[in-house]
Amino acid sequence: MSQSTTVTVKLFAVYQEAFDVSELELDFPNGTPVQAVCDYLIAKQPKLSKWREITRFGVNLQFVEPDTILQNGDEVVLIPPVNGG
């Protein structure tokens, strides 16, 4: 059995600007919550830390709580607040 969970992370808004790509494929230990994706990205780009508390999470096109456990093959979306008019 695999010891890791591979997910595709779709990046939007400030996250996409910080990494200059629209998606990443990341590996996490089994049992990792979706919040860890945000933590990982902030560790790589500390300027994103101001968005930590206000980012919502989606997994496989459904909004989820930060403690939702990732499954292998999940598609994760980080949704920061967006200004619009």
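Contact here means heavy atoms within 4.5 Å. With that in hand, here's a quick tour of the protein chain. This is a predicted model, where local features need pLDDT of at least 70, side-chain atom pairs count only at pLDDT 80 or more, and totals for chains, interfaces and linings use all residues. Residues are numbered from 1 along each chain as its sequence is written, and side-chain values use heavy atoms, with hydrogens and water left out.

**Overall build**

- The protein chain has two helices and five strands, and reading along the sequence gives you β-α-β-α-β-β-β. Helices (H or I, at least four residues) and strands (E, at least two) are DSSP runs, numbered from the N terminus.
- The radius of gyration is 12 Å, which agrees with the value near 12 Å for a compact globule with 85 residues. That radius is taken over C-alpha atoms, and the globule rule is 2.2 Å times the number of residues to the power 0.38.
- Along its principal axes, the C-alpha trace spans about 45 × 25 × 20 Å.
- Take the contacts in the protein chain with a separation of 6 or more: residues 24 or more positions apart account for 54% of them.

**Surface and charge**

- Of the 85 residues, 33% count as buried. Buried means under 20% relative accessible area, exposed means over 50%, and partly exposed is in between (1.4 Å probe, protein chains only).
- The accessible surface comes to about 5,400 Å², and 50% of it belongs to carbon and sulfur atoms. These areas come from the Shrake-Rupley method with a 1.4 Å probe; for residues, only the protein chains shown count as cover.
- There are 6 positive and 11 negative side chains, and the centres of the two sets lie 8 Å apart. Lys and Arg count as positive and Asp and Glu as negative, while His and the chain ends are not counted. Each charge is placed at NZ of Lys, CZ of Arg, CG of Asp or CD of Glu.

**Helix α2 and the aromatic pair**

- In α2, the buried residues are Gln35, Ala36, Val37, Cys38, Leu41 and Ile42. They pack against β1 (4-10), α1 (13-19), β2, β3 (56-59) and β5 (75-79).
- A search of the whole structure turns up one aromatic pair. The rings of Phe28 and Tyr40 have their centres 5.9 Å apart and their planes at 85°, so this pair is edge-to-face. Phe28 sits in strand β2 (residues 23-29) and Tyr40 in helix α2 (residues 35-44), so the pair ties together parts that are twelve residues apart in sequence.
- For the cut-offs, rings of Phe, Tyr and Trp (its six-membered ring) pair if their centres lie within 6.5 Å; planes under 30 degrees apart count as stacked, over 60 as edge-to-face and the rest as tilted.
- Phe28 counts as buried at 8% relative accessibility, whereas Tyr40, at 33%, counts as partly exposed.

**Leu78 and Phe57**

- Leu78 belongs to strand β5 and is buried, with a relative accessible area of 0%. Phe57 lies in strand β3 and is buried too, with 2%.
- Setting aside residues up to four places away in sequence, Leu78 touches Lys10, Phe12, Tyr15, Val37, Cys38, Leu41, Thr55, Arg56 and Phe57.
- On the same terms, Phe57 touches Val34, Gln35, Cys38, Gln62, Phe63, Val64, Pro66, Val77 and Leu78.
- Phe57 and Pro29 are 28 residues apart in sequence and 19 Å apart in space, C-alpha to C-alpha.

**Pro80**

- Pro80 lies in the segment after β5 and, at 4% relative accessibility, counts as buried.
- Leaving out neighbours within four places in sequence, Pro80 is in contact with Phe12, Ala13, Val14, Tyr15 and Thr55.
- The C-alpha atoms of Pro80 and Gln35 are separated by 13 Å, and the two residues are 45 apart along the chain.

- Most residues other than glycine have a negative phi.
- Ala13 isn't a glycine, yet has a positive phi of about 50°. Ala13 lies in helix α1 and counts as partly exposed at 30% relative accessibility.
- Asp20 isn't a glycine either, and has a positive phi of about 60°. You'll find Asp20 in the loop between α1 and β2, where it is exposed, with a relative accessible area of 69%.
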